[in-house]
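Hi there,

Here is the structure I promised to pass on to you. Have a look at it first, and then read on for what turned up.

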Amino acid sequence: MKKPLDTPDQKQKSEISQAEIEAITGGLHSNPFAILGVHQVADGFVARCFIPGAEAVTALTIDGNVVGELTCRDPAGFFEGPVSLTSRKALRYRALRGDAEWAVTDPYSFGPVLGPMDDYLVREGSHLRLFDKMGAHPLKFEGVEGFHFAVWAPNAKRVSVVGDFNNWDGRRHVMRNRADTGIWEIFAPDVYAGCIYKFEIIGADGTRLPLKADPYARRAELRPKNGSMTTPELVQKWEDQEHMEHWAKVDQRRQPISIYEVHAGSWRRHKDGGMLSWDEMAAELIPYCVDMGFTHIEFMPITEHPYDPSWGYQTTGLFAPSARFGEPEGFARFVNGAHKVGLGVILDWVPAHFPTDEHGLRQFDGTALYEHADPRQGMHPDWNTAIYNFGRVEVMSYLINNALYWAEKFHLDGLRVDAVASMLYLDYSRKEGEWIPNEYGGRENLDSVRFLQKMNELAYAANPGIMTIAEESTSWPKVSHPVHEGGLGFGFKWNMGFMHDTLSYFAREPVHRKFHHQELTFGLLYAFTENFVLPLSHDEVVHGKGSLIAKMSGDDWQKFANLRAYYGFMWGYPGKKLLFMGQEFAQWSEWSESKSLDWNLLQYHMHEGIRRLVRDLNLTYRSKAALHARDCEPEGFNWLVVDDQENSVFAWLRSAPGEKPVAVICNLTPVYRENYYVPLPTAGRWREILNTDAEIYGGSGKGNGGKVQAVDAGGAIGAVLTLPPLATIMLEPEN
């Protein structure tokens, strides 16, 4: 390994040239550690410092002993002089200008913080603690409090950390270049938490780049400002051991999982339009989700981002919870509070692309560092964003460390990975000639595949209770299969086909549904090829698509009845559940990130009825093992009525070993049907455990009086039922 130029044992001449001094004062010297600080010379030690504005400088040890008066070598503020030391030590300078006096602890009198093992692991791409090493971290180093800064910029000529603490002067804290890795680091003494900072980078061609935010910043300024902020290490008294241990030991595929998707900035707002803090959100959102029976909250990206209408999907701060909702500790308190009542927290995570804001990652050190240089690989045509270079070990490590960071530091239960399809295909949204094939001539992004596999392997290894969920809209095989079986390693995959087909069906007038019967039956041909989540997400209620209630066919009464039947259909269908906020009470208007949900609608019986239905569906789903324990396995599903397209009736049986089965029957026309025969597996009395047409939900109150009798007629077991109009009912045997 190369030996640093500024090693303590290197003896230097007592004076340096004027050219070197001017390089220091002009901010052009790429290795000021070789000049500034304490250095051994032939007859002892000499100290050199650069303190702009000073007229006289006295050198002191950290404990206050005077060790020398320094001579001004350049009026710009360069001082040099012998110091009475027997070994190299950190120094503090007393600077004078007229009657003004101030103290400066010399950052160049401290050694490096990172070590050779860090260099080795970084180069190998196997460093799994980069979030503890890179960025800005408080540190007591050689007896002095301060912050250690580290940033990767291998092609830079010079990198400085600038901020409140040095008047944004890039000459004051020029960083040490670890040439083997391209990481620049410095220990900045006396820097305190709450300082705003960025990195000043001079490219290899001498160009001074726009100031860059810290890629590893754990806190950032509130938009429209975009500086990074020094912050203490996260301290949270975690009280969630029972929750974490539960999810670490169970088979998640066989657990009830019902996810409430939330945009933190618009779930609720203050009367003046201001966003809730994490503590305010915890006081309202957590009890609401518990009462509604959801098992998890999934937040759309809460990582720092400059543009509200991006909803967080164009993030410039992957490690920083957005300042919109307060300090990072507030988010930790939210997660802890959720876990204490058994509620999981999932984060939407965006490793597919990043925005091109000048303070962000694009052309970070003057070159295509985090992205590909060729726009056919490095730019996303749909979103005008940059695409990560997954084939570069440092970029892969950056993203994997981010996934591990959220799971470890904030105890997150899962990551829902956004836009996986765009990562998997080199020709995604590209025409012929606008993409570059892989080494085998194919369109698969093999670097991305390797990244996703490695991310999933390491995430599950480090956090056994975590779940990773892929938003993947193609037929790529084995997305939610283990890596050792050739899969991508995700725990679950969004079932985009379910969402598309079912919404298409329920938007049709009932009289036409018999011609599209297969839209509700086709999905069962592939329902168990992956571990599916059934998503009715934010994507379905934006960009002119309208809300779910608005998509339903018919007049207002039929729209509500259709939506109730649809929810009953979905909660009875195999797969985990996800519902976007506002759809649980049938908000009419399309979702907007700029305002609160229309909570006033709950004063109306039809909207409150939908909310009660979703609550009861969640509680039924969670309490009946037949509805969740085999969500991802074909033995948990059997058709009872599959081919009655003329009446648009569907019926199936959900089951689990050792548990009572549940029959789900859907009548998806407004026709009230009496004496409808449905096969059932056992004779005897069956209870009607849920009816979406109940009056309490806003329905007409038609049904079976709470029970039906299944009889054995010569080996054919079944029951004659009353099917309410546009409704789903669920039956369970009494014994």
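**The largest pocket**

The largest pocket holds about 620 Å³ of space. Please keep in mind that this is a predicted model. The lining of this pocket is made up of 24 residues, and Trp311, Trp383, Asp418, His538 and Asp539 are the ones that lie nearest its centre. By class, the lining residues are 11 nonpolar, 6 polar and 7 charged. Two helices, helix 9 (420-424) and helix 11 (496-506), each supply at least two residues of that lining.

**Two helices side by side**

Next, turn to helix 14 (residues 556-572) and helix 15 (residues 605-623), which pack at an angle of about 10° with their axes 10 Å apart. Angles under 35 degrees count as roughly parallel, so helix 14 and helix 15 are roughly parallel to each other. The contact between these helices has 11 nonpolar, 3 polar and 1 charged residues. From helix 14, the residues taking part include Trp557, Phe560 and Trp571, while those from helix 15 include Ile610, Leu613 and Tyr621.

Leaving aside neighbours within four places in sequence, aspartate 357 is in contact with Pro306 and Thr316. Arginine 622 lies 265 residues from aspartate 357 along the chain, and 44 Å separates their C-alpha atoms.

Enjoy exploring!

Note on methods: Residues numbered from 1 in each chain as written. Predicted model: local features only at pLDDT ≥ 70, side-chain atom pairs only at ≥ 80, totals over all residues. Heavy atoms only, no water. 1 Å grid on protein atoms, 1.4 Å probe; cavity = no way out; pocket = protein on both sides within 12 Å on 5 of 7 lines; lining within 4 Å. Points joined across faces, edges and corners; volume = space filled by probe spheres on them. Helix = DSSP H or I, 4+ residues; strand = E, 2+ residues; numbered from the N terminus. Nonpolar A, V, L, I, M, F, W, Y, C, P; charged D, E, K, R; others polar. Axes fitted to C-alpha atoms, helices over the stretch in contact; angles between N-to-C directions. Parallel < 35°, antiparallel > 145°, perpendicular 65-115°, else oblique. Contact = heavy atoms within 4.5 Å.
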